[in-house]
Amino acid sequence: MPIDARPYPYELLAKPPALVIIDMQRDFVEPGGFGDALGNDVARLQTCIPVIARLLATARRLGLPVIHTREAHRPDLSDCPPSKRQRGDCRLRIGDAGPMGRLLIDGEPGNAIIEELKPLPGEIEIVKPGKGAFYATPLEQILPNLGVTHLLLAGVTTEVCVQTTMREANDRGYTCLLIEDATESYFPAFKQATLEMIVAQGGIVGWVADSDTVIQALERTYG
Ligand code: TIU
């Protein structure tokens, strides 16, 4: 049973797609984290949390593979290019101490995935130093081992880490759908533009659909 998606229906195969949840970390959605230090209104991102929670519960119930990603750097910053650390006119930079610990550093309280979407023991959590989830991570080895060919994407932010990951996956041959109410940006216009550029030209990067439509199709197909 296909998902009623844009620009045309997205086929669901006998082998289910993986749900990929990008960077739902305190560092991006809570005050005092990296997103806040960059000057963003982090409250904007919080609307997608309950939507992703429903998708995650559905994926777990139906047995879809679930992959969580987390943007993080090593405490010694050896995997953080100086160009990334120096970017912007910030009060605090990557590695500096904030109210939730050092910004964007692996193992700090503020770097964790938010409680509502916390990975279960055994679920895959990809720790990534870049925007895309394939760059300098084992994701490229893991997906073929799981037999995964189709990805359903959610998370933040739409035009930065989500879109970069979707483009990386598209170039690697994965058939990708972005769940539009399960992603959010600090900039509404950038979210809208991202959705449009994904589906333009016959789905040049992939497909887009809303969470209710995705959940209903998953339940009909794999329930
Ligand atoms: N700043 C911004 O919009 N995003 C990031 O820095 N990382 C992610 O999107 N996860």
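Reader: At what angle do helix H6 and helix H7 pack, and how far apart are their axes?

Author: This is a predicted model. In it, H6 (residues 158-171) and H7 (residues 188-203) pack at an angle of about 15 degrees, and their axes are 10 Å apart.

Reader: What makes H6 roughly parallel to H7?

Author: Angles under 35 degrees count as roughly parallel. The angle here is about 15 degrees, so H6 is roughly parallel to H7. The crossing of H6 past H7 is right-handed.

Reader: Which residues make the contact between H6 and H7?

Author: H6 contributes Thr158, Glu159, Gln163, Met166 and Arg167, and H7 contributes Phe190, Lys191, Thr194, Met197 and Ile198. Sorted by class, the contact of H6 with H7 has four nonpolar, three polar and three charged residues.

Reader: What is the angle between helix H3 and H8, and what is H3 called relative to H8?

Author: H3 (residues 48-62) packs against H8 at an angle of about 5 degrees, with the axes 11 Å apart. The limit for roughly parallel is under 35 degrees, so H3 is called roughly parallel to H8. On the H3 side the contact includes Val51, Arg54 and Leu55, and on the H8 side it includes Val214, Ile215 and Leu218. The contact of H3 with H8 has seven nonpolar, two polar and four charged residues.

Reader: In what order do the six strands of the open sheet come?

Author: The order is E5-E2-E1-E6-E7-E8, and the pairing is parallel.

Reader: Why do strand E5 and strand E8 stand at the edges?

Author: E5 (124-128) and E8 (207-209) each have a single partner strand, so one side of each is left without a neighbour in the sheet. Neighbouring strands of this sheet are turned by 25 degrees against each other on average, direction ignored.

Reader: How do you know that strand E6 and strand E7 pair?

Author: Pairing requires at least two bridges. Six bridges join E6 (residues 150-156) to E7 (residues 175-184), and the two strands run parallel, so they meet the definition of a pair.

Reader: Which strands do H7 and H8 lie across?

Author: H7 lies across E7 and E8, at about 165 degrees to E7. H8 (residues 211-222) lies across E6, E7 and E8, at about 130 degrees to E7.

Reader: Which residue has a positive phi although it is not a glycine, and where is it found?

Author: Most residues other than glycine have a negative phi, and most peptide bonds are trans. Leu77 has a phi of about 60 degrees and is found in the loop between E2 and helix H4 (82-86). Leu104 has a positive phi near 60 degrees, and lies in the loop between E4 and E5.

Reader: What is omega for the peptide bond from Val156 to Thr157, and is that bond cis or trans?

Author: Omega is near -15 degrees, and the bond is cis. Thr157 is in the loop between E6 and H6. The bond from Arg6 to Pro7 is cis, with omega near 5 degrees; Pro7 is in the segment before strand E1 (18-22).

Notes: Residues numbered from 1 in each chain as written. Predicted model: local features only at pLDDT ≥ 70, side-chain atom pairs only at ≥ 80, totals over all residues. Heavy atoms only, no water. Axes fitted to C-alpha atoms, helices over the stretch in contact; angles between N-to-C directions. Helix = DSSP H or I, 4+ residues; strand = E, 2+ residues; numbered from the N terminus. Parallel < 35°, antiparallel > 145°, perpendicular 65-115°, else oblique. Left-handed = near helix turned anticlockwise from the far one by under 90°. Contact = heavy atoms within 4.5 Å. Nonpolar A, V, L, I, M, F, W, Y, C, P; charged D, E, K, R; others polar.
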